[in-house]
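Student: Hi! Could you walk me through this structure? I'm new to reading these.
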Amino acid sequence: MTTHTPHDGTGAPWGAPDAEPKIRFRGVTRTFDLGREEFVALGGVDLDVADQEFVTIVGPSGCGKSTMLNILAGLDAPTTGEVTVDGVPVDGPSPDRGVIFQQYALFPWLTVRKNVEFGLKVAGVGAAERRARAEHFIDLVGLTAFADAYPKTLSGGMKQRCAIARAYAVDPQVLLMDEPFGALDALTRVTLQEQLLQTWSQERRTVAFITHDVDEAVFLANRVVVMAARPGRIHEIVPVDLPYPRTEDVRLSPEFAEIRNRVWHAVYHQQAAPAA
Amino acid sequence: MTDRPTSRESTGDAMTTPATTRTTPPPDAPAPGATGGVTDAPAPSRATSPAARRARRDGRARLLVSLASLVGGIGVWWVLCLLGFQLPTPAAVLSRGVELALSGALWTDTWASLRRVLAGFLLGVVAAVPVGFLMGWYAPVRAVLDPWIQFFRMIPPLAIIPLAIVLLGIDEGPRIFVIFLASFLANVVSTYQGVVSVDRTLINAARVLGAKDGTIFLRVVVPASTPFILVGMRIGLGAAWATVVAAELIAAQDGLGRSMQKAQLYYQIDTIFVGLVMIGLLGLAMDRLLLLAEKKLTGWRERR
């Protein structure tokens, strides 16, 4: 597969096409030993993501998108190949790469504030600065009134906003999101998509975002990476030539519909594609 | 996950969401914060919310029913006495209890039993929690210890008493040892269950936030296992009371079990009743204390 340079038609402020990519997958495979046979979760993935780019990854189940994210997070290791961030090979988890899980993964025995402070405390940040930074990100996701509430009193959407604040608080270079809005109802999901983009526009990071939802993938991304299954691989990369901020007008525009159709076809009609 | 948005947020989000009425937000407005400010009204304070009032009312109603049940039960007991059953009346038991209390015998025996229960139970907890953590955290430790723990769990502590007396003498040693064993086994099993059932995602979440093994253990595994440990303590406490009485029946100079056995020889059924009531009340009081600790320490848990 060719090297994908970030699409630059959005006027977004990331680097020139020949700039060093933030994230680089090179020949990444991952096979799981199932005793009698091997399951090839990833069969050779090459992907470059530019600094501050927002990339979404869609594909059928079993296409290895979660495996890709886990490898990038350092929670799993590739069988062959390499993943680098800023040219440094990924070797285990690091606070430089924040992860947001579908199941929120908030510590239920800590308040919102203490959850957001967790990573800072681990890093040895002093109490006063910890509190100030936590407050900033709690405010950014709109949970100020709930800073001292326990997760059990929050709705799903609020929990995920807290998880986003917690990931941001340790100041990661890269944010990895594994179907973060998958468990939420449709209305909450739309609200959170817009809030996520607003947060991202204020606190620009490189984002890799996994989803099942084609609309979500197109709405958020600079580029949509469509995956194929058996073996998991990149099927097509669709640039999203839509301006930020992405408003409702963008969501309802014919241009959006056109890109959405293209991604939809790439996801649901993969048989016609040449095998990787 | 099955959790539904709370009414607070579903109302809030719905208000900001309707597609047809929303205008394009300005690009640089601090929209998430602003939306949040509108969406998230401060949580109603606990004391005044209708839900809290309803909970308090329900609580009072339950207490009344429980009291009524208690009075009713004593009434049934009294009726059975009047019908000619060979039972002391509640009044006879009460006067016997006052008599024993005034003579000091009741307190001597109660203190002897309570001391044994507390010593054996606490020693059991102190030994079981670290062992349970080691078993849950390190699979090899689990593989080594698990068969032994399962084996000893199948032996009633009472069956250990003859051996304990032979090996440890007839002092407090064997009695406290069997109580310790009962408490240890209950606690060790639940502690390691707690550790092995810690949600992997929480551990991963801590790791990606930069936590290393030691931090994960202290800040994730320990708090996540606390509910299990407290359940183990309640079970262990029950086992400790069951064991102390049996241990005193077999070999003791004092204690509630011993006094009941003596009373049996002299056919003092009312004294036996005093002992039973005392054990029940003490066990209940200690269980309530643990329940209170559970509420304080694990109130963060989600009820599903």
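Tutor: Happy to. One term before we start: two strands pair if DSSP finds at least two bridges between them. Please also keep in mind that this is a predicted model.

Student: Got it. How many bridges join strand S1 to S2 in chain A?
Tutor: Nine bridges join strand S1 (residues 23-33) of chain A to S2(A), and the two strands run antiparallel. As an example, A:Arg30 has A:Leu42 in S2(A) as its bridge partner.

Student: What order do the strands of that sheet have?
Tutor: The order is S2-S1-S4-S5 (chain A), an open sheet of four strands with antiparallel pairing. Strand S2 (38-49) and strand S5 (88-89) of chain A are the edge strands, each pairing on one side only.

Student: And what about the open sheet of six strands, what is the order there?
Tutor: That one, also in chain A, goes S6-S7-S8-S3-S9-S10, and its pairing is mixed. Strand S6 (97-100) and strand S10 (233-239) of chain A stand at the edges with a single partner strand each, so one side of each has no neighbour in the sheet. On average, neighbouring strands of this sheet are turned by 20° against each other, direction ignored.

Student: What holds paired strands together in general?
Tutor: Strands of a sheet pair through backbone hydrogen bonds, either parallel or antiparallel.

Student: Then which is it for S6(A) and S7, parallel or antiparallel?
Tutor: Parallel: four bridges join S6(A) to strand S7 (residues 174-178) of chain A. There, A:Arg97 stands opposite A:Val174 in S7(A).

Student: Which strands does helix H8 of chain A lie across?
Tutor: Helix H8 (residues 254-268) of chain A lies across strand S3 (54-58), strand S9 (223-228) and S10 of chain A, and runs at about 175° to S10(A).

Student: What is the phi of A:Ala105?
Tutor: A:Ala105 has a positive phi of about 55°, although it is not a glycine. Look for A:Ala105 in the loop between S6 and helix H2 (112-122) of chain A.

Student: Is A:Ala105 buried or exposed?
Tutor: A:Ala105 is buried, because 22 other C-beta atoms lie within 10 Å, and the cut-off for buried is 20 or more.

Student: Over to chain B, then. What is the phi of B:Tyr267?
Tutor: Phi of B:Tyr267 is near 60°, a positive value in a residue other than glycine. B:Tyr267 sits in the loop between H11 and H12 of chain B. B:Tyr267 counts as exposed, because it has 9 C-beta neighbours inside 10 Å and the limit for exposed is 12 or fewer.

Student: Which residues are buried in helix H11 of chain B?
Tutor: In helix H11 (residues 256-265) of chain B, B:Leu256, B:Gly257, B:Arg258, B:Ser259 and B:Met260 are buried. What covers them includes helix H5 (105-137), helix H10 (213-250) and helix H12 (269-297) of chain B.

Student: Last one: how is chain B divided into domains?
Tutor: Chain B has domain 1 (57-87) and domain 2 (89-297). The C-alpha centres of domain 1 and domain 2 of chain B lie 29 Å apart.

Technical notes:
Residues are numbered from 1 along each chain as its sequence is written. Chains are lettered from A and ligands numbered from 1 in the order in which they are written. This is a predicted model: local features need pLDDT of at least 70, side-chain atom pairs count only at pLDDT 80 or more; totals for chains, interfaces and linings use all residues. Two residues are in contact if their C-beta atoms, placed from the backbone, lie within 7 Å. Axes are lines fitted to C-alpha atoms, for helices over the stretch in contact, and angles run from 0 to 180 degrees between N-to-C directions. Domain bounds come from an automatic or database domain assignment.
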